[in-house]
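Here is a model to read closely. The questions below ask what stands behind each label.

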Amino acid sequence: MKSSERSFARRIDLTSLQLFVAVCELGSIGRAAEREFIAASAVSKRLSDLEAAVDTALLYRHSRGVTLTPAGESLLHHARTVLFGLERMQGELSEYADGVRGHVRMHANISAIVQFLPEDLGAFSAQHPQVKIDLQEHLSPDVLNAVREGAADLGLCHASAAGVAEGLDSRPYRRDRLVVVVPQGHPLARQGRVGFDEVLQWDIVGLQANSSISLAMRQAAAQAARPLRQRIQVTGLDAMCRMIDNGLGVGLLPDRAFALMQGVGRLHAIALNEPWAERELRLVARDFDTLPVTARLLVEHLAPAPDVARSDAAAAPLRDATMPAAAPPAALLESSPPL
């Protein structure tokens, strides 16, 4: 290493890099200070020293917070890479400790969080109580970006998104199937299966625009050269069911998610007779082989070898939301986040 490179490395400290990343993620020095339990003035001083070390401005400061300069964008990318490498090193060294300990950062879409992760993460935590899992809900494209940028170790998203994830590895996780949800007594409720062309005749209650379900509906409507009458958009599956129950439209939900929607209204589910209604969830990472040991343990738990892969097709038979149903597993009741 050249003397100039050694000098630069000595001028950069890890605490300042961590605080810089926190400020970038939250867009505010004050909010970053609260999250990191440090005085805002100390954070500001660290950032000023960091800018002096790299001899360029990293942030635009304004009354509403901060935004990144071009140099700041570059540093953020490298800072996340450095911190990711350190966490991976910590994970590897934990193999030599008494028991496995550490934490795994995971981002997942709402379908995975509602349908499958509560039970899977509950079972994993029971086996590895010293491993902390930081889970955040995001849309599938945002999940991929977080993994690519090093903001998450693992991601769970639909295969339609994972298939275009350049530079990332992916493995199968679970499968689900979309169903059409309507109020009881709706004309569609008399049918056993419906095509999406029949759904397009009605107002639709949908999730936010970039969700995988909304993207699939828009693509199918475009191929049919029909308008998509999506009048209402919500951010949660329970809110969607309440809107449908009150006659504001029909909607598409994953089958198992609908089965778990108990007491949300008098609703009926109909099989959607379209190839794209069958969906695959995939686990993504930068490189599964170089993950910290704690993350690799979670991968092994979530994505077993193909010869023991799980089938979820029969996990959630269609039923009316008002019909009696078996209670969800205890792990789901205890750990399921609010929708």
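**Strands, rings and burial**

Q: What makes β6 and β12 a pair?
A: Strand β6 (residues 169–183) and strand β12 (residues 278–285) are joined antiparallel by eight bridges. Strands, DSSP runs of E with at least two residues, pair if DSSP finds at least two bridges between them.

The model is predicted: local features need pLDDT of at least 70, side-chain atom pairs count only at pLDDT 80 or more, and totals for chains, interfaces and linings use all residues. Residues are numbered from 1 along each chain as its sequence is written, and side-chain values use heavy atoms, without hydrogens and water.

Q: Why is the pair of Phe116 and Tyr173 called edge-to-face?
A: The ring centres lie 6.1 Å apart and the planes stand at 85°. Rings of Phe, Tyr and Trp (its six-membered ring) pair if their centres lie within 6.5 Å; planes under 30 degrees apart are stacked, over 60 edge-to-face, the rest tilted. So this pair is edge-to-face.

Q: Why does Phe116 count as buried?
A: Its relative accessibility is 2%. Buried means under 20% relative accessible area, exposed over 50%, partly exposed in between (1.4 Å probe, protein chains only). Tyr173, at 5%, is buried too.

Q: Why does Trp276 count as partly exposed?
A: Trp276 has 25% relative accessibility, so it falls in the partly exposed class.

Q: How do you know that Arg174 sits over the ring of Tyr173?
A: The charged end of Arg174 is 5.6 Å from the ring centre. The rule asks for NZ of Lys or CZ of Arg within 6 Å of the centre and within 35 degrees of the ring normal.

Conventions
Helices (H or I, at least four residues) and strands (E, at least two) are DSSP runs, numbered from the N terminus.
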